[in-house]
Amino acid sequence: MLRSLRTYLRGYRRRIVVSLILFLFAIFVPLVHYGIRTDRALIAESIETTGKHLVKNLAQNSELGVFTENRGYLDVPLRAIFSQEDVVWAAVYNDKGEVLLERHTRDGFNPQLSATIVQTLDRETWHDVLVQPVCLSTENVLDFFYPVYLRSGTVAPEYEHVTVLEQRQRCIGVARIGLSLARVRQRTLAIINTAFVFSAVYLVAALFAVWFVARAITRPVRQLEAAARTIGSGNLDVRITPQADDELGALAATFNAMADQLKQQMEQRQQAEEQMLRLIQAVEQAAEMVIVFDKNGCVQYANPATRKVIGITQKELVGLNPFKLERPSTQAALVERVWQEISAGNIWSGSMAQRLEDGIERQLEQTIAPVRDNRGDIIGFVAIGRDVTHEHMLEQRLRQAQKMEAIGTLAGGIAHDFN
């Protein structure tokens, strides 16, 4: 699952779309949740405030009907209460908790007062509205209770100054109203539906906008990708035409400059490789011995002609230090002078006797020169040599013949003098 999701999100455009969706969810879900909670709280507060006003109003208008226990007097305020929104039941009780008149529109309504309300009737002062939530099978209801007082103002005005009459302001019953909370649920569903519609519209519009923006961004990127693949296949002539003078245009110009530089470097490298190949071929096919040493005098390379010249293969020579080998005293002194000469950065040229594995001694003519880096430091040495044994023998024979010729000339002169 995670692997398939990573494969799907590998595209840049898809990442933008998925990131946008997650961003919208991260914004809209808390906003919708906050809106629902706030709106539910406002509506519930409004319903509770309305219920308190209605139950107080019912209590005031039911005073005469409760005092006389006349249902006709109670029917008018109950009808007036039922004309209000969200009212699902209304009832009026006497001071014993007996229902005098009730109306309801819900099947789960229980007209009996709870023990808590009946006990509250015995209290001398009861001025607060009691609210109890009731959960029916289909909805939730807030049940409001408020006492019905027999007020002193109901007696004749001429007796209002009598102190004893003040005791007639007492609780003679209870007014009850039930308000449905279905409007809260409906409002919540409406908010959810509205938020869903707006979220869907905004999401679709945002997806189209992101699609166009991502397309505008990824199109030159894909061109860069295709051009990079073409360059990777070996075609260095591909170039990108900048679409605009922006960051992507600067990126395309940078890519073209990189392609030009890469092509130039590849051409230079190809020329260097060709020169190196020619040099290697020349060294490999040369009749002279070519040996490359490191700065310590160890052999790093020897061409095939080395075998013919000194009788040692390249495999045997690599890693060997000829300047450290044991030699006769006279030859060791010469080798030491050669090493001091080339270590000082000078070129040495001369002849040196070399005894091969077959026991035959051959005369080698060599030139050893230091190899320097760009800073001028010695990083190794190169030796070029050839077998001059035959030339040396011819030279000795020539010298011998010249000596004999000189002796013959001298002898002829002496004989001529004797004659």
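Reader: What is the strand order of the open sheet, and how do its strands pair?
Author: The order is 2-1-5-4-3, for 5 strands with antiparallel pairing. This is a predicted model.

Reader: What makes strand 2 and strand 3 edge strands?
Author: Strand 2 (99-104) and strand 3 (130-135) each pair on one side only. Neighbouring strands of the sheet are turned by 15° against each other on average, direction ignored.

Reader: Which helix packs on this sheet, and which strands are touched?
Author: Helix 4 (residues 71-82) does, touching strand 1 (87-94), strand 2 and strand 5 (170-180). The direction of helix 4 makes about 30° with that of strand 2.

Reader: How do you know that strand 3 and strand 4 pair?
Author: Pairing takes at least two bridges. Strand 3 and strand 4 (residues 140-150) have 6 bridges, in the antiparallel sense, so they count as paired. As one example, Leu130 has Phe145 in strand 4 as its bridge partner.

Reader: Why is Ser180 called buried?
Author: Buried means under 20% relative accessible area. Ser180 has 4%, so Ser180 counts as buried. Ser180 lies in strand 5. Beyond four places away in sequence, Ser180 touches Ile47, Asp86, Val88, Arg106, Glu139, Asn140 and Val141.

Reader: How far apart are Ser180 and Trp89?
Author: They are 91 residues apart in sequence and 9.1 Å apart in space, C-alpha to C-alpha.

Reader: Why is Phe208 called exposed?
Author: Exposed means over 50% relative accessible area. Phe208 has 51%, so Phe208 is exposed. Phe208 sits in helix 6 (residues 182-232).

Reader: Which residues form the nonpolar patch on the surface?
Author: Val204, Phe208, Trp211 and Phe212 form the patch. Together they have about 420 Å² of accessible area.

Note on methods. Residues are numbered from 1 along each chain as its sequence is written. This is a predicted model: local features need pLDDT of at least 70, side-chain atom pairs count only at pLDDT 80 or more; totals for chains, interfaces and linings use all residues. Side-chain values use heavy atoms; hydrogens and water are left out. Helices (H or I, at least four residues) and strands (E, at least two) are DSSP runs, numbered from the N terminus. Axes are lines fitted to C-alpha atoms, for helices over the stretch in contact, and angles run from 0 to 180 degrees between N-to-C directions. Contact means heavy atoms within 4.5 Å. Patches are made of residues with over 30% relative accessible area and no salt bridge: like charges are joined within 9 Å, nonpolar side chains (Val, Leu, Ile, Met, Phe, Trp, Tyr) within 5 Å. Accessible areas come from the Shrake-Rupley method with a 1.4 Å probe; for residues, only the protein chains shown count as cover. A salt bridge is a side-chain nitrogen of Lys or Arg within 4 Å of a carboxyl oxygen of Asp or Glu. Buried means under 20% relative accessible area, exposed over 50%, partly exposed in between (1.4 Å probe, protein chains only).
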